[in-house]
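Biologist: Please take me through this model one feature at a time. Give me the general idea, then the case at hand.

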Amino acid sequence: MISLLIRTTLVAFSVSISFAYTVRTANAAQVFFGEDINTTATGDYENASRILSPNADQAKFMFLSKLQNVKTETFESFTPNSSISQLNFGFNTAYLSSSLTVLSIPTGNANGVYPTSGNQTLLQTIGDTNNAFSVIFNTQQVAFGFSATDIEIPGNLNLRFLLADGISTIDRLVPTQAGMNGTNNTGSVVYYGVIDPENPFIQVSFIRSLIPYDGFGFDDMTIGEMENVISVPEPTNLMGITFVASLLLGCFGRSERFKFGLKWLKKRLNG
Ligand SMILES: [Ca+2]
Ligand SMILES: [Ca+2]
């Protein structure tokens, strides 16, 4: 069973038509997605302007609000336009299965690719379909999020999570709408994040599913281990605690037993 919370912003401002949402699936995985569709290009050209990205920003905020003490790779510390194969997340590192270029682009954009933080972004240039690159982690992760620019054809980016057993995989399509029906939405912005405590993973592959030309830009990658996920009491526990609290208040008044009950409740909520 899937419960879906969708918030839609039809026209945030003239150049952004987009949406952000959170999905909680039955296995407790949470997916955070926001997209800002760029409509500033004219004709068939790659002449779009950069746009603000309130929906992608909101998805990123919602994703990060569920995590604590995580580090984000912004690609700002690398030598401009260098080829890299390692990402840094504080004490954690991750590796790229094939080297990619850190594109320095302080202003404007490169065929729709531009950074979402600072001046630099990770560029996956053109490649054959299914020509994936992977991010390989040195420890098991349960959270992964990133922003991307120029994912402008629906269904063109799929993520394959390799689970901790080294065999099982979960595929997750990044559900972009930019470029629907052939519209020129070059330079659109996306944030995608997933938190899946029940399925720790050791690798995420980025798979181009459709059109092989036109580069993708990636920025602000965040990873999280189990200890980084902010836990909240399960609804059933909350119901139980509320029920016990009602009993204490209703049946015992301000007796010694009531004080003991309050102590127990406080310990439970703090623990
Ligand atoms: Ca950046
Ligand atoms: Ca483009």
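Biologist: Start with strand pairing: which residue of β8 does Y95 stand opposite?

Modeller: Strands are DSSP runs of E with at least two residues, helices are runs of H or I with at least four, and both are numbered from the N terminus. Two strands pair if DSSP finds at least two bridges between them. Here Y95 stands opposite I136 in β8. The two strands, β6 (residues 92-104) and β8 (residues 133-141), are antiparallel, with 3 bridges.

Biologist: What should I know about the source of the coordinates and the numbering?

Modeller: This is a predicted model, in which local features need pLDDT of at least 70 and side-chain atom pairs count only at pLDDT 80 or more, while totals for chains, interfaces and linings use all residues. Residues are numbered from 1 along each chain as its sequence is written, and chains are lettered from A and ligands numbered from 1 in the order in which they are written.

Biologist: Which other strands does β6 pair with?

Modeller: β6 pairs with β5 in the antiparallel sense over 6 bridges, with T93 as the partner of N88. The hairpin of β5 and β6 has 2 residues between the strands, and G90 takes a positive phi near 65° there. β6 also pairs with β7 (residues 120-124), antiparallel, over 4 bridges; V102 has L122 as its bridge partner in that strand.

Biologist: How many residues of β14 are buried?

Modeller: In β14 (residues 216-224), 9 of the 9 residues are buried, so the strand is largely enclosed by the rest of the structure. β14 runs antiparallel to β9, to which 6 bridges join it; S147 is paired with D219 there. There are 3 bridges between β7 and β14, again antiparallel, with L123 opposite G217. β4 is antiparallel to β14 as well, through 2 bridges, and E73 stands opposite M221.

Biologist: Now the nonpolar core: which members touch the most others?

Modeller: A nonpolar core is a set of buried Ala, Val, Leu, Ile, Met, Phe, Trp, Tyr and Cys residues joined through C-beta atoms within 7 Å. The largest one has 46 residues, of which A59, I151 and V190 touch the most other members. Strand β12 (residues 189-195) gives the most to this core, with 6 residues.

Biologist: What does A59 contact beyond its sequence neighbours?

Modeller: Two residues are in contact if their C-beta atoms, placed from the backbone, lie within 7 Å. Leaving out neighbours within four places in sequence, the contacts of A59 include F32, F33, Y191 and G193. Q58, in helix α1 (residues 54-64), is buried because it has 21 C-beta neighbours inside 10 Å. Beyond four places in sequence, Q58 touches A20 and G34.

Biologist: Where should I be careful with the coordinates?

Modeller: pLDDT is the predictor's confidence in each residue, from 0 to 100. Its mean over the chain is 82, and 72% of the residues reach 70 or more. Over residues 1-16 pLDDT stays under 50, and the model has 30 contacts beyond four places in sequence for them. Residues 241-253 are below 50 too, with 10 contacts beyond near neighbours in sequence. Where pLDDT is low, the predicted coordinates should not be read in detail.

Technical notes:
A residue is buried if 20 or more other C-beta atoms lie within 10 Å of its own, exposed if 12 or fewer, and partly exposed in between; C-beta atoms are placed from the backbone.
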